[in-house]
Amino acid sequence: MRSTLDFRRPLLIGGACAVLAAGGCKNEEAKPAENPTGAVFADFAKRVDAYMKLRKTLVDSVGELDPTKSQAEITTRATKLASSIIAARAQAKPGDIFTPEFSALVATLIKQEYSRRPDSVQETREDQQDELPDFVPKVNTLYPTTYPLATFPATLLPLLPPLPEQLEYRVVQNYLVLRDIEANVILDVMPNAVPS
Amino acid sequence: MRSRFGAAIIAVALAAAPLGAQVYLPMKSGSVRFLVLGDAGTGGREQYEVANQMVRYGKTFPFTFAIMLGDNIYGSERPQDFDRKFTRPYKTLLDKGIEFDAALGNHDDPNQRFYKPFNLGGNRYRTFKKGNVRFFVIDSNYLDPEQLKWLDKELAASGSDWKIAYFHHPLYTTARRGPEVEVRAVLEPVFVKYGVDVVFSGHEHIYERYKPQKDIYYFTVGGAAKLRRGDTHPSPLLSARFDRDRSFLLAEIAGDSLYFQTVSRIGAVVDKGVLARRGVRP
C-alpha cells in the first residue's frame, strides 16, 4: 500500500514535460530542482506532508481503526476524526494545498488528457456524472454522504502526484477534490479543473 | 452459435418457467461453490425477496461464500443501515457461516473496508484463494498506480489457478450508460497478459453474459436489488441477457469447468451453462 510520495514517476514527469513543452523541460535529464514542474510538485508534497503530520496527531488521539464487526465503531471513529480535522483546520481555505501554481499545472494536464480521449470515453464520463452530486464541494466540510463518490477517471490518476493511502482525489462536477478518506473531509478544492 | 435474440428469448422463457429450486449444477465432490450478487444494498423489499431465493437455492446447492460486486450499501451508512441493508436480509446465510467477500462500488463508503463481515481486511483491494481458484477483488472506483502494481504482482504470482477478477464497473455491457471503457483500457491488458479466466461486475442493474472477449468471460450481475428494466440490448457479443427482474448467480468450479446458473427474484433459472478455463477450451 502507499505510504510515501514518489515524484520520480516517469509518467508524471513525462506529462509535466508535455505541459511545459513550449518552454522548460526540454532536457529530460534535467534535475527536478531545476525544473519548475518539479518545484511545483515538490511544494505540493510538502503541503501534503504537513497535513499528514497534523493528521497523525489527531489520529493518535482518536485511535487507529482495525477491521471490526461494529459499524457503530467505524462511524464513531470517523466522526471523531472528522471533527478533529475540521477543528484543527478551521482556517483552511481553497488553495492551501492546491496552490494556484499547482492548480494551473494540473488543470492543463487534465485538459490535455481529456482532449486525447475519444468521444466514447467522454460520453462515459458524462454518464458517470449523471449519478453525481449536485453540490459545490467546500474546503473543510464533509463530503455529503447522501451522494455516491464519483469514480475517478482511471487514465487520469497516473498523471497526478501520488498521495498517501489515507487521501484521494475525486472529481465533483468540474472540481478536483482532495479528500481524507477515513474522515470523509474535503481538504481542498480546485475549481475549473475538469473541462465542462 | 445462438442468434442475436436467441439468448434473450431463452431467458424470457426460462423466467416464465414454473417455480422450484431447480439446480443444474453438478455439485461435484471438492468443488468450489459460491454465490454472486451485485448492487444489493437497498434495504428494500426486492433485496429481501432475492435473499430468500438465495437461501432457498442454498438448501439444494450449499455454497460456502458469496462475492459482492459493489454498491453493498446504498445511501446512508449508519449502523442501522448496515442492519437493514445487509445483516437482516442475509441473516440466514450469515448464521450458516456463509462468508461475504465484498468489492467496493461507487455508492460505497471506502470505510466499508473496515467492516469485518465484508472481509476486506482494511484494504480497498485484495486477493484470496478457494480450492484451485484465485479471486482478485479490485476497487474499480479508484485505480491508482499502486493498485495496478499490486494487481500485476499478484496475478503474476498466481500460477495455474483459475483466475477470477471481480469489481464494480463492467468492462462490457449493452446497458444505457455503456461499458467503462476507461477502466477497460487499464485493466483488460493486465487480464489478458496474465490469463484471467472470468470477470464479474455489477453497476448496471441487469444480468448479462458475454461471449469471450480476448479469451475472457464477462458477466454483469448487478440486479440483486435494483433493476433497470429493459436496459440490456441485443448484441452479437452477448450469450445471454436478462432485465425483466432482479437476479443473482450461483457458480461451481470443479477442475477445469465453471458451472453456473442465474436465478431471478421469483426463483426461475434465467441462464445456465458451463465454461472451460483458458488452455482447455475447444
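Two strands pair if DSSP finds at least two bridges between them. Strands (E, at least two residues) and helices (H or I, at least four) are DSSP runs, numbered from the N terminus.

This is a predicted model, where local features need pLDDT of at least 70, side-chain atom pairs count only at pLDDT 80 or more, and totals for chains, interfaces and linings use all residues. Residues are numbered from 1 along each chain as its sequence is written, and chains are lettered from A and ligands numbered from 1 in the order in which they are written.

Start with strand 11 of chain B, residues 247–254. Seven of its eight residues are buried, so the rest of the structure largely encloses strand 11. Buried means that 20 or more other C-beta atoms, placed from the backbone, lie within 10 Å of the residue's own; exposed means 12 or fewer, and partly exposed is in between.

Strands 11 and 12 of chain B form a hairpin with two residues between them. B:Gly255 sits in that turn, with a positive phi of about 60°.

**Helices 5 and 6**

Two packed helices are described by the angle between their axes and the distance between the axes. In chain B, the axes of helix 5 and helix 6 come within 10 Å and cross at roughly 15°. Axes are lines fitted to C-alpha atoms, for helices over the stretch in contact, and angles run from 0 to 180 degrees between N-to-C directions. Helix 5 and helix 6 of chain B are therefore roughly parallel; that term covers angles under 35 degrees.

Which residues meet? B:Leu148, B:Leu151, B:Asp152, B:Leu155 and B:Ala156 in helix 5 touch B:Val186, B:Val190 and B:Tyr194 in helix 6. Contact means C-beta atoms, placed from the backbone, within 7 Å. By class, this contact has seven nonpolar, no polar and one charged residues. Ala, Val, Leu, Ile, Met, Phe, Trp, Tyr, Cys and Pro count as nonpolar, Asp, Glu, Lys and Arg as charged, and the others, Gly among them, as polar.

**Where the chains touch**

The contact takes 31 residues from chain B and 33 residues from chain A. On the chain B side, helix 3 (79–87), helix 5 (145–156) and helix 6 (181–194) each supply at least two residues. Helix 6 of chain B gives the most, with five residues.

Definitions and conventions. Two residues are in contact if their C-beta atoms, placed from the backbone, lie within 7 Å. Angles under 35 degrees count as roughly parallel, over 145 as roughly antiparallel, 65 to 115 as roughly perpendicular and the rest as oblique.
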